[in-house]
Amino acid sequence: MLLDIKNLAVTFGSGHDPFRAVSGVDLQVAPGEIVGIVGESGSGKSVTMLAAMGLIDAPGRVTADQLTFAGRDLLSMKSREKRAIIGAEISMIFQDAQSSLNPAYTVGDQLLETLAEHQNLKGAAARARALELLEQVEIPGARSRLSAYPHQLSGGMSQRVMIAMAIACNPKLLIADEPTTALDVTVQAQIMELLVSLQRSRDMALILITHDLAVVAEVAHRVAVMYAGEIVETAPVPQVFATPRHPYTQALLASIPEHSKGASRLNTLPGVVPGRYDRPSGCLLVPRCPYAEDACSRAHPELVLVGDAQARCIKPLDDEGKPRA
Amino acid sequence: MIQFLLKRIGVVIPTFLGITVLAFALIHMIPGDPVLVMLGERNIDPVYYREAMHRMGLDLPLWQQYVNYLGRLLHGDLGTSLISQTPVLEEFRALFPATLELSLAAMVFAVVFGLAAGIMAAVKRGTVVDHTVMGAALTGYSMPIFWWGLILIMLVSVHLGWTPVSGRLDIEYDIAPVTGLMLIDTLISGEPGAFASALEHLILPAIVLGTIPLAVIARMTRSAMLEVLREDYIRTARAKGLSRSRVILKHALRNALMPVVTVIGLQVGTMLAGAVLTETIFSWPGIGKWLIDAIGRRDYPVVQGGILLVASMIILVNLLVDLLYGVINPRIRHAR
Ligand SMILES: Nc1ncnc2c1ncn2[C@@H]1O[C@H](COP(=O)(O)OP(=O)(O)O)[C@@H](O)[C@H]1O
Ligand code: SF4
Ligand SMILES: [Mg+2]
């Protein structure tokens, strides 16, 4: 496994009542694999990946039974060692590319910084490499963009620059956290295409966080569905669309037509993701689940194996999409 | 950038004219007869009085007097001291380096320690370090300069005997002014011990004058840093695997500096006001002490010319700060 996460928990706030933003998350990513992570806003997708990157700040706390990258333990690693991996072997791009670039430095400066930090590449060689990277992310007029400041770039162009920085050191894993949510529809498709073609040509693994299930269906090999800080279902892509096992996944799928771009609420499920103070005991979906019954509130369901899929439900859906008796 | 520059300079010219009006009006607002005031004499022969009035152009309409005054300014004529009979501009030139040296030293002190304290407080937000730094800044900010100067003199100069009480240099040294900045002139002179003596004299007044700007800079730096540290691009910098110090000093500080530079510019005005007091406390022979002495001696041409010059300096520095702001912030440089 390239990335291997077992029982990851992230808590915010201190004292007697910390908030578990993420808990019990297991996630494995193989080399060259594309894993989609889906779920409504606030379900813990970003926090999970930031924790893997080591970017959760105190007072936030990260614990896990295992958090390894290519066999190396990221949790116990010294920060210097970890910094050598982050930004080089694992890199990440974010939702709002424009505000993710430093307004005070040129595109070139920010690219060169990564090359200098991880590959000790400087001077003319570094500039040539920076130019090459901008061309690889298909930025027109790449040479002149090197001296551009972020405020002179469009959102799509900024995301391309972010991608160029992310792939600068040939990462084995790229984490893309809603990379197209903030962009125009036409640009969204271009950026997705770029990401997938880079993933193929470089054979890197890609974790794609998105609201857009249509995109997941098209590009991902496997999907993890998150709800209220937990993974509620994980399955290979064809199966998850044909036979969802968790009622929440089923509701997500039912909402695709209306919500192909950026869903923050689901028409098919009433209510919202429970926040800090209204998490039910037992199954977290109880208040919203059409199949909920008394047994659901009694104990917190574990992930159970159903064919190729794992679902966190006491009566996972059958092939007809009906709850098992 | 050129447009930005022209715009700033376009604002400076009316401001400068406004100041000339004020300086011009000053002499007419002084209680008493301006002729007597300017001559610095009483009981003058009426013929001589009228002659003097005519000679000084005081019998002309006010607007014409102002135009003449502007004309003289353009030729660098700011009047002549009643006491020393030296042109005001010449006296200013001789004394200004002392004030410049003191202000520069105070500013360096304030910027270096203010930035460091502000950055530390922001990075260690909510900890003992943060509370200590901010408590000290608040105290420093509300410290009356006169009182603070006297305390330091009593403690450091008198009680501990570490630094001299007043002046710029021990009298045993005779340094020819080259730049007018004592630290540099003593170095050039090569006289052993002279530089150390100049430094010893400078330290305490610089600390006193720099204390308020330091406190202001520290507080501004802290709040600007706290804001910037929450930005998305800081997360990006960290995701690149950069070291903590690089993220803070390169990515955060550069953006936090923009408001801080403005505040530093505004402090220059405060500082020149503070220099008047500081120079008086430490008998520092600069323009602050010169102005206070001139007021005491009713040397009105010096007061008029001195205020004009000091105000011009403040305008000039603020212009420089604006330009610096443009250099730091690409968004301003490229703004249409
Ligand atoms: N730094 C933080 N401090 C406290 N709570 C946080 C922090 N970051 C995220 N959260 C909370 O954690 C939960 C998951 O957030 P997030 O991972 O951003 O959701 P999403 O799935 O939309 O990416 C949310 O309830 C959010 O409010
Ligand atoms: S455990 Fe019950 S409430 Fe939870 S998803 Fe399954 S059926 Fe719905
Ligand atoms: Mg998110």
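Here are some notes on this predicted model, taken point by point.

1. Overall build of chain A. Let's start with the fold elements: chain A contains twelve helices and 13 strands. Its C-alpha trace extends over about 70 × 40 × 35 Å along the principal axes. The radius of gyration is 20 Å, which agrees with the value near 20 Å that a compact globule of 325 residues would have.

2. Packing and contacts in chain A. Buried residues make up 55% of the 325 in this chain. If you take the contacts between residues at least 6 apart in sequence, 64% of them join residues at least 24 apart.

3. Surface and charge of chain A. The accessible surface amounts to about 13,600 Å², and carbon and sulfur atoms account for 51% of that. On the charge side, there are 30 positive and 35 negative side chains in chain A, with 4 Å between the centres of the two sets.

4. Cysteines. How many disulfides does a search of the whole structure find? The count over all chains is zero. A:Cys283 counts as buried because its relative accessibility is 14%, under the 20% cut-off. A:Cys296 is likewise buried, at 9% relative accessibility.

5. A cis proline in chain A. Most peptide bonds are trans. The bond from A:Ala58 to A:Pro59, however, is cis in this model, with omega near 10°. You will find A:Pro59 in the loop that runs between α1 (45–53) and β4 (61–63) of chain A.

6. Two residues with positive phi. Most residues other than glycine have a negative phi. A:Asn120 has a positive phi near 55°, and this residue sits in the loop between α4 (107–119) and α5 (123–136) of chain A. With 58% relative accessibility, A:Asn120 is exposed, because the value is over 50%. In chain B, the phi of B:Gln85 is positive too, near 60°. B:Gln85 belongs to the loop between α4 (62–74) and α5 (88–123) of chain B, and its relative accessible area of 57% makes it exposed.

7. Which residues does B:Ala137 contact, leaving aside neighbours within four places in sequence? They are B:Ala215 and B:Arg219. The C-alpha atom of B:Ala137 is also 6.9 Å from that of B:Ala218, although 81 residues separate the two along the chain.

8. Helix α9 of chain B. B:Thr211 is located in helix α9, which covers residues 194–229. With a relative accessible area of 12%, B:Thr211 is buried. Apart from neighbours within four places in sequence, its contacts are B:Phe109, B:Gly140 and B:Trp148.

Technical notes:
Residues numbered from 1 in each chain as written. Chains lettered and ligands numbered in written order. Predicted model: local features only at pLDDT ≥ 70, side-chain atom pairs only at ≥ 80, totals over all residues. Heavy atoms only, no water. Disulfide = S-S within 2.5 Å. Buried < 20%, exposed > 50% of the residue type's maximum accessible area, 1.4 Å probe, protein only. Helix = DSSP H or I, 4+ residues; strand = E, 2+ residues; numbered from the N terminus. Rg over C-alpha atoms; globule rule 2.2 N^0.38 Å. Contact = heavy atoms within 4.5 Å. Areas by Shrake-Rupley, 256 points an atom, 1.4 Å probe, with all protein chains shown as cover. Lys, Arg positive; Asp, Glu negative; His and termini not counted. Charge placed at Lys NZ, Arg CZ, Asp CG, Glu CD.
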